[in-house]
Amino acid sequence: MAAMLPGMESLAPAASAQRASQDQVEAAYLYNFGKFVRWPDGGHGPLQICVAGQDAFEQTVTKLTSGEQIDGRALQVRMVERPELTVGCSILFVGSPDRAHLEPWLAATAGKPVLTVGDGADFLDRGGMIQFVQVEDHVRFSVNLNAANRCGVELSSELLKVAVRVTGRPGKGGAQ
Amino acid sequence: MKMPGSRSISARLMWMNLLVSGTVLILAVIAFFSYDLVSYRQSLIGSLETSAQIVGTNSVSALLFDDQQSATTTLSALGDSPDVQAAMLVTNDGAPFAEYRRPGVTQAVPTPALTRGSVDEEWVKGSHVMLARRIIFQGKPEGTVYIVAELKETTQRARQYLMIALAVLLICMGTGLLISSTARKTLVRPLVALAETARRVSRERDYSVRAEAPPDKDEVAVLVEAFNEMLVQIQARDTALNRGREELEVRVQERTAALRAANRELEAFSYTVAHDLRGPLDAVQGMVYLLNGMEKEAREGERKEILEQLRLSTLGMAGLIDDLLNLSRASTASLKRQPVELTTLVRGIAEDLQRREPQRRVEFRIETIPAVVADEGLMRVALDNLIRNAWKYTSRHEAARIEFGAVNRRGETVYYVKDDGAGFDPKLSDQLFQPFHRLHGRGEFPGTGIGLATVQRILARHGGRIWAEGTVEQGATFWFTLKSGAAASG
């Protein structure tokens with residue numbers, strides 16, 4: 001991407017110098033996704049960001065989002081160890097170490113208004129909504145709109161604008 | 001127009017017109033341009049603010065998800081706005097995130113940090129405007145947009161205004177020329193004609209010319225009218241002056257001639273007086289000589305005769321001197337005007353004459369006429385002369401008649417003394433009143449030749465005149481008048 005903007009080349013070292021670890025970036029993105037998503041129930045109470053069985057990442061997210069709010073809703077980050085415990089989650093992150101167990105997590109949230117985010121290579125193909133991808137040294141993401149539409153989760157066009165790849169079409173009630 | 005004054009007046013009119021319209025125009029252009037500049041700058045800043053807001057909103061996701069490409073694309077949309085020169089998106093920590101530069105722009109956008117708490121700030125430097133706007137998303141600042149724009153249209157607009165002003169100024173000049181040419185017709189032309197007339201008057205001293213009055217009744221017309229009126233007066237005075245000068249010349253010549261004649265007359269008079277006095281004086285000397293040479297025993301009768309001759313000679317001299325004194329008095333004595341009964345005077349004279357020569361058979365017919373206002377002494381002298389004259393020239397006639405009276409001729413009272421005596425040749429009537437001019441020989445009728453001249457002077461002193469009618473041996477009539485109104489009331 002930087003190669004496409006010759007004038008920007010000088011900015012790259014500064015950006016890389018401050019770049020957080022991939023986990024931190026992903027944690028920030030996870031939080032930022034929440035700002036571009038509208039859930040069908042409108043949302044009330046604290047917004048729960050759930051991390052599927054990943055202790056370290058959960059702590060990273062917790063640290064990053066402490067004291068933050070989204071649309072006036074307080075944030076609550078918790079680690080869920082089993083898919084059954086995803087009730088109440090608005091965002092569910094399923095990290096790559098759990099790839100083998102991906103199916104139960106997605107099954108547990110299928111049809112429910114939960115934004116599913118993962119970093120497995122075939123996360124979208126398996127029915128996930130947002131998948132982190134590595135583009136050069138940047139963390140980027142792709143979106144599966146169909147999956148989101150099925151669950152009634154509306155993704156903002158602003159979010160889609162910065163996505164690497166968007167599959168599917170916006171639903172009838174696609175968020176702007 | 002050959003007169004420099006006319007050009008300057010019309011040119012002045014035109015310049016005045018140009019000055020006024022030009023000043024108004026320039027002031028109006030400046031006012032409009034200033035207003036336009038301010039409103040243009042404000043509207044530009046407003047649109048820049050909107051652009052910054054839109055760009056900021058659209059760049060939120062790019063900032064949040066570190067998508068510089070998306071941010072650059074969003075920024076490049078600013079290129080659609082012709083004023084925007086460059087833009088910069090900066091993250092919260094001041095690091096440049098994305099940049100847009102219009103082709104040809106080499107200078108990077110300066111990104112001064114916004115003061116804490118402010119959402120947007122703007123800087124204006126010359127024709128450049130820089131605007132910074134903080135990107136707020138969900139209540140949190142996510143970065144800052146900087147947009148640099150150039151008020152490119154400012155110079156263009158200034159040029160347009162200048163062109164319009166020039167065009168209007170040209171129109172004004174044309175209009176000014178038109179107006180001044182019209183003004184030249186209606187205003188300047190009469191003035192030029194007036195000036196030409198004035199110049200001609202002063203150069204040729206010809207006061208008969210008149211300036212042409214303009215058709216309009218304006219101040220110029222009044223000026224022309226007043227000028228013409230002045231010319232009329234000057235011309236009248238000039239004519240009067242010339243006439244007066246000519247008359248004066250004629251009068252001087254007349255006076256000179258009259259003085260010369262009077263002088264000659266005076267010389268002749270002196271000679272005559274000397275000559276007339278010399279005659280009796282010679283006689284007196286001769287008789288004194290005779291008396292001296294006479295013996296004592298000479299006859300008493302002879303001596304008495306000589307003495308009688310002596311007495312007559314001195315008497316004649318005394319008469320002449322008296323007459324001369326009367327003439328002098330008639331000319332110089334001051335008039336004491338009072339009511340005078342001419343009838344009484346004439347009666348007294350007639351009685352005196354009849355007493356002196358009772359043997360004469362003369363019938364007096366004296367009309368009673370109203371009193372007149374005159375000097376009694378002089379009137380007595382005048383009437384005495386006239387009546388004695390009539391008495392004298394009727395002495396050759398055995399019976400005579402002397403009349404005194406008055407008639408009214410054309411409202412004027414004319415007095416007369418009429419006799420039926422020797423009369424005179426009417427052709428010589430002019431000489432009657434000149435001193436020492438006698439129409440009859442001394443041997444025929446005695447006299448000094450001064451009496452009638454004295455009468456004429458006395459009457460002239462009273463504002464009257466005298467003339468005579470007569471025929472040889474048919475009598476004479478002396479007519480005289482006194483100044484009108486001389487008749488005394490009562």
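Because the model is predicted, local features need pLDDT of at least 70 and side-chain atom pairs count only at pLDDT 80 or more, while totals for chains, interfaces and linings use all residues. Residues are numbered from 1 along each chain as its sequence is written, and chains are lettered from A and ligands numbered from 1 in the order in which they are written.

## The two chains

Let us start with chain A, which holds 6 helices and 10 strands. Helices here are DSSP runs of H or I with at least four residues, strands are runs of E with at least two, and both are numbered from the N terminus. Chain A has 176 residues, and 39% of them count as buried. A residue is buried if 20 or more other C-beta atoms lie within 10 Å of its own, exposed if 12 or fewer do, and partly exposed in between, with C-beta atoms placed from the backbone. Taking the contacts in chain A with a separation of 6 or more, 56% are between residues 24 or more positions apart. Two residues are in contact if their C-beta atoms, placed from the backbone, lie within 7 Å.

Chain B has 8 helices and 12 strands. Of its 490 residues, 26% are buried. Among its contacts between residues at least 6 apart in sequence, 64% join residues at least 24 apart.

## Two helix pairs

Two packed helices are described by the angle between their axes and the distance between the axes. Axes are lines fitted to C-alpha atoms, for helices over the stretch in contact, and angles run from 0 to 180 degrees between N-to-C directions.

In chain A, helix 2 (residues 22-33) packs against helix 3 (residues 55-65) at about 60 degrees, and their axes are 9 Å apart. Helix 2 and helix 3 of chain A are therefore oblique to each other. Angles under 35 degrees count as roughly parallel, over 145 as roughly antiparallel, 65 to 115 as roughly perpendicular, and the rest as oblique. On the helix 2 side of chain A, the residues in contact include A:Ala27, A:Leu30 and A:Tyr31, and on the helix 3 side they include A:Phe57, A:Val61 and A:Leu64. By class, this contact has 7 nonpolar, 3 polar and 1 charged residues. Ala, Val, Leu, Ile, Met, Phe, Trp, Tyr, Cys and Pro count as nonpolar, Asp, Glu, Lys and Arg as charged, and the others, Gly among them, as polar.

In chain B, the axes of helix 5 (residues 300-332) and helix 8 (residues 451-461) come within 8 Å and cross at roughly 20 degrees. Helix 5 and helix 8 of chain B are therefore roughly parallel to each other, and their crossing is left-handed. Among the residues that meet are B:Asp323 and B:Leu327 of helix 5 and B:Arg457 and B:Ile458 of helix 8. The classes here come to 4 nonpolar, 4 polar and 3 charged residues.

## Nonpolar cores

A nonpolar core is a set of buried Ala, Val, Leu, Ile, Met, Phe, Trp, Tyr and Cys residues joined through C-beta atoms within 7 Å. The largest has 77 residues, and those with the most contacts inside it are A:Leu30, A:Ile91, B:Ala87, B:Tyr146 and B:Ile147. Its largest share, 8 residues, comes from helix 1 (residues 4-64) of chain B. Another core, of 39 residues, lies apart from it and includes B:Val340, B:Ile349, B:Ala382 and B:Phe424.

Leaving aside neighbours within four places in sequence, B:Tyr146 is in contact with B:Ala87, B:Met88, B:Val90, B:Val109, B:Thr111, B:Met130 and B:Ala132.

B:Val55 sits in helix 1 of chain B and is buried, with 22 other C-beta atoms within 10 Å. With neighbours within four places in sequence set aside, its contacts are B:Thr74, B:Leu75, B:Leu78 and B:Val145. B:Gln354, in helix 6 (residues 342-356) of chain B, is partly exposed, with 15 other C-beta atoms within 10 Å.

Here are two pairs with their C-alpha to C-alpha distances.

| Pair | Sequence separation | C-alpha distance |
|---|---|---|
| B:Val55 and B:Leu75 | 20 residues | 6.4 Å |
| B:Gln354 and B:Trp391 | 37 residues | 9.6 Å |

Finally, B:Arg205 has a positive phi, near 50 degrees, in a residue other than glycine. B:Arg205 lies in the loop between helix 3 (152-204) and helix 4 (219-293) of chain B and is exposed, with 9 other C-beta atoms within 10 Å.

Terms used. Left-handed = near helix turned anticlockwise from the far one by under 90°.
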